[in-house]
Amino acid sequence: ILSQYTKDVWLGENSRYQGVITVLLYVAVYFAVSRGYKFSMVFAYCSIAALCIVSAFGVLNCFDIDLLGIYSEISSANKKIYISTIGNINFYSSYMCLLFPFVLCIFSSEKKSPVRTVCTAALFIASFGMMVTASESFVIGFVFSVLVMPFFFMSKPLRLKRFLCGIVIILMSAQLYRLIHSLAPVRNVKISQLLRFLLHPAVTGILIAVCLAVIILLHRNEDNIKYIRVVYSVAFTVILLTIVLLFILANTRGIGDFNKYFKITERWGTRRGAAWMQCVSLFKDFSLKEKLFGTGPETLYHLLVATGSQAGKNLDQAHNEYLQYLLTTGIFGLISYVSVIISTVTAVVKKLKEDIFAAALLAGLIAFWFQSVVNMAQPFTTPIMYLFVSLIGGMYYKKRGDNEAFAEIRQN
């Protein structure tokens, strides 16, 4: 209503079709799923199967095996950025961020041996699949989700041991893929720089040794989990503060060779830095109305083109969902989106912390929300994200309803 691009905001056809109609559909899905929720593991089984299929096609495409004929009409150069049934490697990475942590969490918690066996196979296949993401956004999201996940299992030593076993499976599977990748005659997709660092033999060896050491400690005495909880909480805090400090120092004083990873310049993140700088400049020049309400969903294309900059010629997105929402939906829109994130996390932490299915959904969402810092909303994985949020909403309302019904019985 307030946008000067009224014809474009409804569908968002100048960008990634995240217009007003799409947003209204997300809202409708949330209310339909959250209010009509009924638990079923069928969703988990389908998600596991889908992750395996998408990962398998991605790996085959990397080695130029095109069973679906996806590459028949695209150039050799585009084979490096389009993969599997998803397409763009950034969208593929976004999908992996949602589903891979979800499956890892199910693997760590499922009591039935047949399901754990299936999840083990899925972890192996998905580990190969993550190696062809070729995008640092996957590593950002997945690693942070993995760092958070141990807190889900600190009250259950067996689940924590299984989680650590899952990490070992992932690391060893990734090393096997790396060996195959080095020997293959055709490799359409390179391994991302951050993954190459994490899979350096020394780094992988240290990570596996730590996992095995913790497993042995818990096997000897499960009461050791109390000390593990304290040590890990301190380590987690130190890691976060170190990353924040490195970003601050890199962008204020400089930290030598580490500047290329932490200093935001125009060339940073395959020129995402240039897009972000342009977007911040645009927001500064907004009127009060535009700062509060934005210019309308999926209108950033028009704003960038109007600047006549190089970013405007090549981009229609900020490549940062939060910055994108700030510009297109304003401060109120960004606050609304962040409120969805906060309320979802709060629902799991306060009401659903013992529900492993909710924890698995949240693990995927955490990875998705962190990779969104360098990625974008689009019609391939953003709907899945809202479906995950809707399922958590459904579990929350069901839990609250059960508690109210129990309280009423006690009163009677």
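Axes here are lines fitted to C-alpha atoms, for helices over the stretch in contact, and angles run from 0 to 180 degrees between N-to-C directions. This is a predicted model, so to speak of its limits: local features need pLDDT of at least 70, side-chain atom pairs count only at pLDDT 80 or more, and totals for chains, interfaces and linings use all residues. Residues are numbered from 1 along each chain as its sequence is written, and side-chain values use heavy atoms, with hydrogens and water left out.

**View 1. Helix 8 packed against helix 10.** Helices are DSSP runs of H or I with at least four residues, numbered from the N terminus. Helix 8 (residues 157-183) and helix 10 (residues 201-220) meet at about 155 degrees, and their axes lie 10 Å apart. That makes the two helices roughly antiparallel (the label for angles over 145 degrees; under 35 is roughly parallel, 65 to 115 roughly perpendicular, and the rest oblique). Their crossing is left-handed, a term for a near helix turned anticlockwise from the far one by less than a right angle. By class, the contact has 16 nonpolar, three polar and two charged residues. Here Ala, Val, Leu, Ile, Met, Phe, Trp, Tyr, Cys and Pro count as nonpolar, Asp, Glu, Lys and Arg as charged, and the others, Gly among them, as polar.

**View 2. Helix 3 meets helix 4.** Helix 3 (residues 42-62) and helix 4 (residues 89-109) pack at about 135 degrees, with axes 10 Å apart. The pair is therefore oblique, and the crossing is left-handed. Helix 3 brings residues including Phe43, Ser47, Leu51 and Gly58, while helix 4 brings, among others, Tyr92, Met96, Phe100 and Phe102. The tally for this contact is 13 nonpolar, three polar and no charged residues.

**View 3. The largest nonpolar core.** A nonpolar core is a set of buried Ala, Val, Leu, Ile, Met, Phe, Trp, Tyr and Cys residues joined through side-chain atoms within 4.5 Å. Buried means under 20% relative accessible area, exposed over 50%, and partly exposed in between, using a 1.4 Å probe and protein chains only. The largest core has 117 residues, and Phe102, Phe152 and Trp369 touch the most other members. Helix 4 supplies the largest share of this core, with 15 residues. Leaving out residues up to four places away in sequence, Phe152 touches Cys105, Ala359, Leu362, Ala363 and Ile366.

**View 4. Phe142 in helix 6.** Phe142 sits in helix 6 (residues 136-148) and counts as buried, at 7% relative accessibility. Apart from neighbours within four places in sequence, Phe142 is in contact with Cys97, Phe100, Pro101, Ile170 and Ala367.

**View 5. Asn375 and its loop.** Asn375 lies in the loop between helix 18 (356-371) and helix 19 (382-411). It is buried, with a relative accessible area of 0%. Not counting residues up to four places away in sequence, Asn375 touches Asn90, Ser94, Ser137, His319, Asn320 and Glu321.

**View 6. His319, with a positive phi.** Phi of His319 is near 55 degrees, a positive value in a residue other than glycine. His319 belongs to the loop between helix 16 (310-314) and helix 17 (321-351), and at 14% relative accessibility it counts as buried.

Conventions: Contact means heavy atoms within 4.5 Å.
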